[in-house]
Amino acid sequence: MRVERATAAACEDVARALRLLRQAAEVEWVSDAADRYRAAVHEAFGIVLRTQVLVEAADLAVREHSAVAARAGPPTW
Amino acid sequence: MSAGDPGGAGDPGIAVYGGRGGTRANLEDLARATRALCAAAHELDAAATSCSSAGWRLTGPGSPGGSLARDDACLMTGIHDGLVTLSEGELEVARARARALAALAEVRRSPTGPAVAAAHLTGLASALLSTTRIYAEADGAARLLVSRLSRAVGGVAGEHPLGLLVAGAIVGRLAIAVAPAALLGASVVLRRTPGDLVAATRARAAQLANDALTEDAARIEIILAGVGSGLVSLPPGVQPVAAEPVPAAARLASGALDLDPHWRRRALTVIPAVESQHPPAPRDLGDLARRLSALYPDAGGRPGTIGVERLDHPDGTRSWVVEIPGTQELGLGFGENPLDMGTNVRLMAARPNDGTELVTEALRQAGVGANEPILLLGHSQGGMVAMSLAATAAFTSRYRVAAVATLGAPVGTVSVPRSIQVLNVEHVQDVIPALDGVPSPDEPNRTTVRRDLRISPDPRDRFAGRTAGAAHGAGTYARSAEVIDGVDGPSLDAWRDAASQVLGDGRATVTAREFTGVRGR
């Protein structure tokens, strides 16, 4: 697997995790415990959104590096 | 413990349990949420692994600029000492690579990185799993304990009937010995003659019995579980503990009925009414319940008669409503009317009976198609018939039952497929739904509405709540059905969605027929 493929896969993994978290937040349970659970899932959702920003930034940096390296050709030293 | 939707619009006596909004449905919901959280944690773990792999590949051989990366310190030293000279392009690659490595390092180290987030979600899933278990265990635990205790006491009494008789005799003799002294004391205190007191007590006996039936229906349910357990334990030898003692006792009674030629089942003839009516299309439970109550003989209906309505919708589709009234005779199977106590016993025992045969034959004669959705509505025994049919594989494989509604029926022991939405309506003051010895189960497709008649804004309901007979009446349930039509909530909405497959948008052309069951002599 090339480097950029690994980070692209990581981006897809995080996106899937976010979709699953959205599913996990859809409960119709009515109680104090359910309210706490919903709050915890929303907090987790916020954390994973920040994770997504980090992973996408890494993916972008890796792809930029690959593009620059491809343009530059093999090193001379 | 049941999660529900207490409180109906304008009627404080309404409480909704089970169904889509019930505890069990919600526990299933939570189990699904737990699985989703675990899967999300798994994805984040995979993302963390992919990022580590990317970092390793970026610094390893074969990567773009990989030779640059082999020994950054060495390279930097070489550049510094003037031993290595990089082209502008190579410098650009080195800078891009450094940025990528820094970004990947941030992914690895950050408290919001995928590995940390995965651990967070795993912890949340674990906590949720524990909560779900606690709720599942606590749900109905207290009630289950009392019910089990009642069954255990009943079972012991049934296994030792002689001991029960001796204990009863001792208590009886003590009561007889103490009664004259107590009567004399009470007459002195109340300044009335003992004769007057005995006469007053006899006059109030019916009222006391009525009060017990209307105010203690829930306790009677638990007591009946014990009585049923006792009856099941009566045969010689140690009997296994029945999980559902009332149906088990009913099976014994049904077997006894079959022994006597007078009580044995006889051939049932189902006669269709010659005339058909075209009433307005039913729109809701209230409409259906009013039509059902009109089938009773005291409301002008023919004895032993059920209603079958064909609904032809504007889009060309067809559906059916079946209205089944309750017990009309107290006989044990010797009369012509099949809606009697004999049918009740056989229904409770889940044995072949005239009620289900009447409906099945009526549907055959009416020409109901296999894919045409049916709504079964029954009051009292009719509710037992409706549930029994919905629980019978031979019936549900032949007909498409979309929804069932029961009014004042003891159907807690009947299980129907999850694809069928069931609504059980009970009055708090009605003892009949308690006769099965168990409460209606809390299942995703099973919604129970309990209505306390004593706190209804309608004086007719409050009056009905004072007598056991009126609390069970079809007319009283028809009024409750109208009230329920005004109550919102996920559980009731789920039933309404299923019922709408049959009722449509209220523009159907209705052909109503009646079918009368008559037992042969």
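Q: What makes the second largest pocket a pocket, and what is its volume?
A: The second largest pocket has a volume of about 750 Å³. A pocket is an open set of points on a 1 Å grid over the protein atoms alone, with protein on both sides within 12 Å along at least five of seven lines. The volume is the space filled by probe spheres set on the points, which are joined across faces, edges and corners. The model is predicted: local features need pLDDT of at least 70, side-chain atom pairs 80 or more, while totals for chains, interfaces and linings use all residues. Residues are numbered from 1 along each chain, chains are lettered from A, and side-chain values use heavy atoms, without hydrogens and water.

Q: Why is B:Thr413 called buried?
A: Buried means under 20% relative accessible area. B:Thr413 has 16%, so B:Thr413 is buried. B:Thr413 sits in the loop between β6 (400-407) and β7 (421-427) of chain B. Beyond neighbours within four places in sequence, its contacts (heavy atoms within 4.5 Å) are B:Glu244, B:Pro247, B:Asp436 and B:Val438.

Q: What makes B:Phe395 and B:Tyr399 a tilted pair?
A: Ring centres must lie within 6.5 Å; planes under 30 degrees apart are stacked, over 60 edge-to-face, the rest tilted. Over all chains the count is one aromatic pair. B:Phe395 and B:Tyr399 stand 5.1 Å centre to centre with 50° between the planes, hence tilted. Both B:Phe395 and B:Tyr399 are buried.

Definitions and conventions. 1 Å grid on protein atoms, 1.4 Å probe; cavity = no way out; pocket = protein on both sides within 12 Å on 5 of 7 lines; lining within 4 Å. Helix = DSSP H or I, 4+ residues; strand = E, 2+ residues; numbered from the N terminus. Buried < 20%, exposed > 50% of the residue type's maximum accessible area, 1.4 Å probe, protein only. Phe/Tyr/Trp six-rings, centres within 6.5 Å; stacked < 30°, edge-to-face > 60°.
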